[in-house]
Amino acid sequence: MKLRDKLRGLLSIKDSPHKVAMSFAVGVFFGISPLIGLHTILALISAWLFRLNRLATIVGVYITNPWSIIPIYTFCTWVGALLIGTDRVIPNIDWSHITLSSLVSELKFLLLPFVIGTIVVGVVSSVLSYFIIKKAIEKNRGKQV
């Protein structure tokens, strides 16, 4: 299924524009969050707790997918590094003698920028996506009348 088809499906959900946009925005936040591996379950729990539209929430979560996760998380880590003033963003890794423990040791300094960056970018992205999706749904429904 293409992205265009998913967006058409999102615009045609029979809930209020606010509810669909809020559901999508919550999904976007969890999709970008640093809780790798828990995105879908946390989004579904939130959808259930706050009575959001599960489909719209899942579509928002999967904004982060196997093709987009590396660019998104790289950008988020860069933003986090800028926000906390980290000078060193690219690690000096000796690839000829790499081990799992040396890789973890070399990348440890990126954990805080990653967490801060994903939270900040996630919040900003979810707020922006709320307004974009709400406006798109309202515009789409105005054309149908």
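Student: Which residues of H4 are buried?

Tutor: Buried means under 20% relative accessible area, exposed means over 50%, and partly exposed lies in between, with a 1.4 Å probe and protein chains only. In H4, the buried residues are Ala56, Thr57, Ile58, Gly60 and Val61. The model is predicted: local features need pLDDT of at least 70, side-chain atom pairs count only at pLDDT 80 or more, and totals for chains, interfaces and linings use all residues. Residues are numbered from 1 along each chain as its sequence is written, and side-chain values use heavy atoms, with hydrogens and water left out.

Student: How many helices and strands does the protein have?

Tutor: Helices (H or I, at least four residues) and strands (E, at least two) are DSSP runs, numbered from the N terminus. The protein has 7 helices and 0 strands. Across its 145 residues, 34% are buried.

Student: At what angle do the axes of H2 and H4 cross?

Tutor: Axes are lines fitted to C-alpha atoms, for helices over the stretch in contact, and angles run from 0 to 180 degrees between N-to-C directions. Helix H2 (residues 17–32) and H4 have axes that come within 6 Å and cross at roughly 35 degrees.

Student: Which residues of H2 and H4 meet?

Tutor: Contact means heavy atoms within 4.5 Å. From H2, the residues Val20, Ser23, Phe24, Gly27, Val28, Phe30 and Gly31 meet Ala56, Thr57, Val59, Gly60 and Val61 of H4. By class, this contact of H2 with H4 has 7 nonpolar, 5 polar and no charged residues. Ala, Val, Leu, Ile, Met, Phe, Trp, Tyr, Cys and Pro count as nonpolar, Asp, Glu, Lys and Arg as charged, and the others, Gly among them, as polar.

Student: How do the axes of H3 and H4 cross?

Tutor: The axes of helix H3 (residues 39–49) and helix H4 (residues 54–61) come within 9 Å and cross at roughly 150 degrees. H3 is therefore roughly antiparallel to H4. Angles under 35 degrees count as roughly parallel, over 145 as roughly antiparallel, 65 to 115 as roughly perpendicular and the rest as oblique.

Student: Which residues of H3 meet H4?

Tutor: His39, Thr40, Ala43, Leu44 and Ala47 of H3 meet Arg54, Thr57, Ile58 and Val61 of H4. The contact of H3 with H4 has, by class, 5 nonpolar, 3 polar and 1 charged residues.
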